[in-house]
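Try each task before reading its solution.

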Amino acid sequence: MSPDLPLRVNLTALENIALAEQYHQALSWTRASARAQRLLDRCGNGDIALQRDEDLSFTQRFAVKLARAIQLQRPLLVIDRPALLLADIFYPPVLGTLLADLADEYPAHLVLDYAWHQPLYAHPASNGNLP
């Protein structure tokens, strides 16, 4: 996930997620969109499936991008500079919650951020790493 990889503005949230898997995995639209809806539901954003990019908050847009990245089924989910993706909120708790809600959907993740943001991720149970 990167701030440099935007959603397609002419597609709904569901289409942005499903299209990635449909293209990369050669799945039918029915299977890809069902999985996309399930991912949105799991991260508490099932109700935004038919909204387009301009109608989404930063948090909702992040959830769509996260689901799209998970949908690709890569061995490592890399989240690049989450502060740029979640600019309207104090993002570490939101990021941690979303990753925890979807933890069984991806094998591993890595958050890439500036060194001065590392204290934001520190909490006693994680030794400074997000879940």
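**Exercise 1: a helix and its surroundings**

Find the buried residues of α3 and what they pack against.

Step 1. The buried ones (under 20% relative accessible area, 1.4 Å probe, protein chains only) are Gln-60, Arg-61, Phe-62, Ala-63, Val-64, Lys-65, Leu-66, Ala-67, Arg-68, Ala-69, Ile-70 and Gln-71. This is a predicted model, where local features need pLDDT of at least 70, side-chain atom pairs count only at 80 or more, and totals for chains, interfaces and linings use all residues. Numbering runs from 1 along each chain as its sequence is written, and side-chain values use heavy atoms, without hydrogens or water.

Step 2. Since 12 of its 14 residues are buried, α3 is largely enclosed by the rest of the structure.

Step 3. Those buried residues pack against α1 (13-25), α2 (29-42), β1 (77-80), α4 (82-85) and α5 (91-101).

**Exercise 2: confidence**

Work out where pLDDT (the predictor's confidence in each residue, from 0 to 100) is lowest and highest among the helices.

Step 1. The protein chain averages 86, with 92% of the residues scoring at least 70.

Step 2. In the protein chain, confidence is lowest in α6 (residues 118-121), at a mean of 75, and highest in α2, at 94.

Key:
Buried < 20%, exposed > 50% of the residue type's maximum accessible area, 1.4 Å probe, protein only. Helix = DSSP H or I, 4+ residues; strand = E, 2+ residues; numbered from the N terminus. Contact = heavy atoms within 4.5 Å.
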